[in-house]
Structures are given as structure tokens and as C-alpha cells.
Amino acid sequence: MAGICGPNPILHLHRTTTQSPLNLQRVHGGARWCCCSVSPENENKTRTPPLLRLAVSGVTELLRLFSSSAQGNRADYQLKTEDRDENSASDIDDVLRILKADYENAYFVTGNFSSSIYAEDCLFEDPTIRFRGKELYSRNLKLLVPFFDSPSIRLQKIEKGANMETDFVAATWRLRTYLKLPWRPLISVNGSTIYELDEKLKIVRHSESWDVTALEAIGQIFTPSIGRPNE
């Protein structure tokens, strides 16, 4: 989840569906992916409705309200993130290896990701939000991580791919965590992420799609876990 609770999220929202801005197709033989950008006219058809903007804004303020109780975890997060900033890549296989290691270290639920392989102005997007900047992504993680309770993110598959202009890495994963809110909601999402690379092997686009709609994802946050089936 690229950052559902970033600062002033309403300024960045524009999507309503779980479709990634990269259209994924299998190359013959099933070994690689290819991608292409959504046309500008289709972009205009996916503007976020007011209800979703209001919901995301509400989630942001909710987490900020409860964030004061989680301050104790922030310093440890910062130290661990700095330790992972030295990774570098000489080819796409290195990028894949580093990303795989980040998943194995549960980067999203710990906040420890290899920021050095991201471009400074990397575009981050998921079905609820769209923004630029790896520093903003890092701040979003700082806000989210202290709220995770019994979290896990399991990498299901990761592979490299290319089209005529762009190299990328494609990953599929499953996220499951409770949130440290009074009603202890359960967040359960199957998703995929496309990491699009530039000529310097820096990630310039981190694009997620999920198996639930944006409103369903927001709804999970407000649904008490009591009475919900175990997954």
C-alpha cells in the first residue's frame, strides 16, 4: 500500500479502481511481463469521487489522532531505515534481489526499505492515493508502521520484465495486519506492485493494484475484527 495516509492526501488522490496505471500482460511463454501507460483520456475517467476523498481524509486524521501513543517506535525505525540506504544496483537482477530482500524483511510492515534504489521524485500510487517523492513515502511509513499489530506481508512472486522502452520488476504479495485502534480492525489485501526503472536502474514508479476496491480497503479500517472470520 503506497501510502494511504500521506500528508494532505486529498491533493494527490485521483483513482477509484484497483487497476494499476500500468496495464500488465503476459508475454508468450508466461515468463515476463510487459506494460504500457494508461491514455490521458482514460485517466480523466478515473477521478476519485468525493466520498473516497472524504474517507481517506478521515483515515489520515484518525491515525494522526492516535499517533501520539506510538512515538516510542519512531527512533528505532529511523535507525533501521538509514542502515538500508547503502544498497546499489548494477543491473536489473540486482534491483530484483534488493526488492526480494526487502520483502523478506517485511519492509512495509517494519518500515525498513532500501531507499537508495528509488529515484528522489519516484511516483508512488495505489488505488487510494498518488504522490511523488521517496521522502514522503518514508514519512507515510513512519505514520503507518506504529499502528500495525501482528503484521505480515508475504511475497508470492517476483520477476523482471520489459517492454520496448522500460525495464521493470513485478511482484505479487499478500498483506495481513490488525491495526492498533480500539476496535482492532483487520486489514487483508492481495496485491501486486510494478517497480518501473529508469536508465540508471532507479525506481521511478512504484504502482500498486489490489484485489479489493479503494472503498473496500477503507471500509476494512472501520470494521471491527470481532466476529470477522479468520483468514
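This is a predicted model: local features need pLDDT of at least 70, side-chain atom pairs count only at pLDDT 80 or more; totals for chains, interfaces and linings use all residues.
Which residue in S8 is the bridge partner of Ile194?

Residues are numbered from 1 along each chain as its sequence is written, and side-chain values use heavy atoms, with hydrogens and water left out.

The protein chain holds seven helices and eight strands; these are DSSP runs numbered from the N terminus, with helices (H or I) of at least four residues and strands (E) of at least two. Of its 231 residues, 52% count as buried. Here buried means under 20% relative accessible area, exposed means over 50%, and partly exposed lies in between, with a 1.4 Å probe and protein chains only.

Let us start with the sheet. Six strands form an open sheet with mixed pairing, in the order S4-S3-S8-S7-S6-S5. Two strands pair if DSSP finds at least two bridges between them. At the edges lie strand S4 (129-132) and strand S5 (148-162), each pairing on one side only. From one strand to the next, the twist averages 15 degrees.

Now back to the opening question. Strand S7 (residues 186-197) and strand S8 (residues 203-210) run antiparallel and are joined by seven bridges. Within this pairing, Ile194 has Ser207 in S8 as its bridge partner. Strand S7 is also the place of Ser192, which counts as buried because its relative accessibility is 15%. The side chains of Ser192 and Ser209 are joined by a polar contact of 2.8 Å. Such a contact is a pair of N or O atoms within 3.5 Å; within protein, one must be able to donate a hydrogen and the other to accept it, and residues adjacent in sequence count only if both atoms are side-chain atoms.

Further along the sheet, S5 and S6 also run antiparallel, joined by twelve bridges. A hairpin of four residues leads from S5 to S6, and Leu155 has Trp173 in S6 as its bridge partner.

What packs on this sheet? H4 does, touching strand S3 (118-126), S5, strand S6 (167-179), S7 and S8, and its direction makes about 165 degrees with that of S5. Touching, or contact, means heavy atoms within 4.5 Å. Helix H7 (residues 214-221) lies across S6, S7 and S8 and runs at about 135 degrees to S7. Axes are lines fitted to C-alpha atoms, for helices over the stretch in contact, and angles run from 0 to 180 degrees between N-to-C directions. In H7, the buried residues are Ala214, Ala217, Ile218, Gln220 and Ile221. Seen down the axis of H7, they fall within an arc of 150 degrees, so they line one face of the helix. That arc is taken from the directions from the helix axis to the C-beta atoms.

The largest nonpolar core has 43 residues, of which Leu99, Phe108, Tyr118 and Tyr195 touch the most other members. Helix H4 (residues 92-104) gives the largest share of this core, six residues. A nonpolar core is a set of buried Ala, Val, Leu, Ile, Met, Phe, Trp, Tyr and Cys residues joined through side-chain atoms within 4.5 Å.

Lys134 is found in H6 and counts as buried, at 9% relative accessibility.
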